[in-house]
Amino acid sequence: MKVARYDYRSQFERFDEFIAELSQMIANGHYVLSEEVKQFEAAFARYLGCSYIAGVNTGTDALTSALRVLELQPKDEVVTQANTFNATVTAICLAGVTPVLVDADEETFLMNRDQALATMCSKTRVVLPVHLYGKPTPMRELLRECEKQGIELVEDAAQAHGARIDGRRVGTLGVLGCFSFHPSKNLAAAGDGGAVATNRADLHDQLTLLRALGQRGQNEHVTLGCNSKLDAIQARVLSWKLSELDRWNEQRRSVARAYRARLLDVQVKFQAWDEQEEHVFHLFAIRTEQREKLQAHLQASGVDAVVRYPVPIHLQPVFSDRGWRKGQFPVAETLARELLCLPIRPNLTTDEIDYVCDCVRHFFDGRTMNREYSVGKTKGGL
Ligand SMILES: Cc1ncc(COP(=O)(O)O)c(C=O)c1O
């Protein structure tokens, strides 16, 4: 049996209808900031419950642009976590400001809140938590402290479309929320895409200027911008999928529940999950000291288990001039060594989940699997 991580074909259930629409769009020739882009931006803002969305090329551009419109100075500091995808910190550097790292939390795998609170100082202009693997970062205390100290909170919600905490969708709790629509994401374009969410008209105005080379009117460039607009075809793909997002996220939660129940007695740890929050399980990570061997065993058994992310930010060669050192963020280093992501997608079948869990169990206790898997029999997830 093979258990794949992605099944793109299944995301376009009415494929022919969709292809017909795309053909029409291509023939129409309206490709740049067209109606399709405006419609998606409005729909995604409605979905998130915020006032504005600016569509851009990538999640990395969303983060860079969000930081740029806050008009930060080179000495200004942005506090984020050592366990994230490279783009979070690259964006801080590209925006010309100084990244300051804090460690991860052992249980949640998110930003260590106490360290973040203790790190905030007069140089801090932004705190940038990452809703990693689709789990919303607890925000109340961070927001309260940011407000007290006049610090902006910007969210990296690249992995958490639709996740909710304290009754609100992530990406709308801070002043700016950044999303990626990379094909691997819960809401995925058929290529690259990104967006910035905000409730502030002035920041949205700046974002729309920035993404279009700072152009206010024809040939009138009023600010140093970049060229980073959400592509019209990608916007159409995203609108098409947006109406399914809540259902898909619920299916991901069902898969996560099934994994946790079936692996309860196996020597692996899970990311903490409070059912009060709406985790959207972009990734399902398990933790074990035998990560490399388990991954090899799963891959050899046809299970596409991957590592996200094996090298924490402070040990990446690109940041070697930042003065960070090995051992400085021990939890991030341990997670980088021990986390392994099992395949998760909305339509993972009961048989596929059973098979993955049996392979994990077999690795730990050597018991053979004597189940019969009816591949493809259980359609449409749990
Ligand atoms: C946490 C995080 N931040 C930022 C990004 C950057 O997004 P993109 O790949 O669209 O530039 C990603 C996605 O890959 C991500 O996972």
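This briefing describes helix packing, nonpolar cores and selected backbone features of a predicted model. Two helix pairs are treated in turn, H1 with H8 and H10 with H12. The largest nonpolar core has 46 residues, and a second, separate core has 30. The backbone features include a cis peptide bond between arginine 308 and tyrosine 309, as well as a positive phi at glutamate 71, tyrosine 133 and leucine 213.

**Packing of H1 and H8**

- Helix H1 covers residues 15–28 and helix H8 covers residues 232–242; their axes lie 11 Å apart, at an angle of about 155°.
- Because angles over 145 degrees count as roughly antiparallel, H1 is described as roughly antiparallel to H8.
- The crossing of H1 past H8 is right-handed.
- On the H1 side, the contact is formed by Glu17, Phe18, Glu21, Leu22, Met25 and Ile26, and on the H8 side by Ala232, Ile233, Arg236, Val237 and Trp240.
- By residue class, this contact between H1 and H8 comprises 8 nonpolar and 3 charged residues, with no polar ones.
- Arginine 14 belongs to the segment before H1 and is partly exposed, its relative accessible area being 46%.
- Arginine 14 and leucine 101 are 87 residues apart along the chain, and 45 Å separates their C-alpha atoms.

**Nonpolar cores**

- Within the largest nonpolar core, of 46 residues, the members that touch the most others are Phe40, Phe44 and Phe181.
- At least two residues of this core come from each of H1, helix H2 (35–48), strand S3 (98–102), helix H6 (140–149), strand S9 (194–198) and H8.
- The most is given by H2, which contributes 7 residues to this core.
- Beyond its neighbours within four places in sequence, phenylalanine 40 contacts Phe181, Leu187, Leu230, Ala235, Leu238, Ser239 and Leu242.
- Val268, Phe270, Phe284 and Leu340 are among the members of the second, separate core of 30 residues.

- Helix H7 spans residues 201–211, and its buried residues are Leu203, His204, Leu207, Leu209, Leu210 and Arg211.
- The elements covering these buried residues of H7 include H2, strand S1 (52–56), helix H3 (59–68), strand S8 (176–180), S9 and strand S10 (215–217).
- Leucine 213 follows H7 and has a positive phi, near 55°.

**Packing of H10 and H12**

- Helix H10 (residues 291–300) and helix H12 (residues 350–365) cross at roughly 130°, and their axes come within 10 Å.
- H10 is therefore classed as oblique to H12.
- H10 and H12 form a right-handed crossing.
- Lys293, Leu294, His297 and Leu298 of H10 meet Val356, Cys359, Val360, His362, Phe363 and Phe364 of H12.
- The contact of H10 with H12 is made up of 7 nonpolar, 2 polar and 1 charged residues.

**Backbone features in loops**

- Most residues other than glycine have a negative phi, and most peptide bonds are trans.
- The peptide bond between arginine 308 and tyrosine 309 is cis, with omega at about 5°.
- Tyrosine 309 is located in the loop between H10 and helix H11 (330–338).
- Glutamate 71, in the loop between H3 and strand S2 (77–81), has a positive phi near 50°.
- Glutamate 71 counts as exposed, at 57% relative accessibility.
- Tyrosine 133 has a positive phi near 65° and sits in the loop between strand S4 (124–127) and H6.
- Tyrosine 133 is buried, with a relative accessible area of 3%.

- Leucine 132 lies in the loop between S4 and H6.
- Since buried means under 20% relative accessible area, leucine 132 counts as buried at 1%.
- Leaving out neighbours within four places in sequence, the contacts of leucine 132 are Gln81, Asn83, Thr84, Phe109, Leu110, Gln159, Gln271 and Tyr309.
- Among these contacts of leucine 132 is Tyr309, the residue joined to arginine 308 by the cis peptide bond.
- Leucine 132 and threonine 108 are 24 residues apart in sequence, with a C-alpha to C-alpha separation of 9.2 Å.

Conventions:
Residues are numbered from 1 along each chain as its sequence is written. This is a predicted model: local features need pLDDT of at least 70, side-chain atom pairs count only at pLDDT 80 or more; totals for chains, interfaces and linings use all residues. Side-chain values use heavy atoms; hydrogens and water are left out. Axes are lines fitted to C-alpha atoms, for helices over the stretch in contact, and angles run from 0 to 180 degrees between N-to-C directions. Helices (H or I, at least four residues) and strands (E, at least two) are DSSP runs, numbered from the N terminus. Angles under 35 degrees count as roughly parallel, over 145 as roughly antiparallel, 65 to 115 as roughly perpendicular and the rest as oblique. A crossing is left-handed if the near helix is turned anticlockwise from the far one by less than a right angle, and right-handed if clockwise. Contact means heavy atoms within 4.5 Å. Ala, Val, Leu, Ile, Met, Phe, Trp, Tyr, Cys and Pro count as nonpolar, Asp, Glu, Lys and Arg as charged, and the others, Gly among them, as polar. Buried means under 20% relative accessible area, exposed over 50%, partly exposed in between (1.4 Å probe, protein chains only). A nonpolar core is a set of buried Ala, Val, Leu, Ile, Met, Phe, Trp, Tyr and Cys residues joined through side-chain atoms within 4.5 Å.
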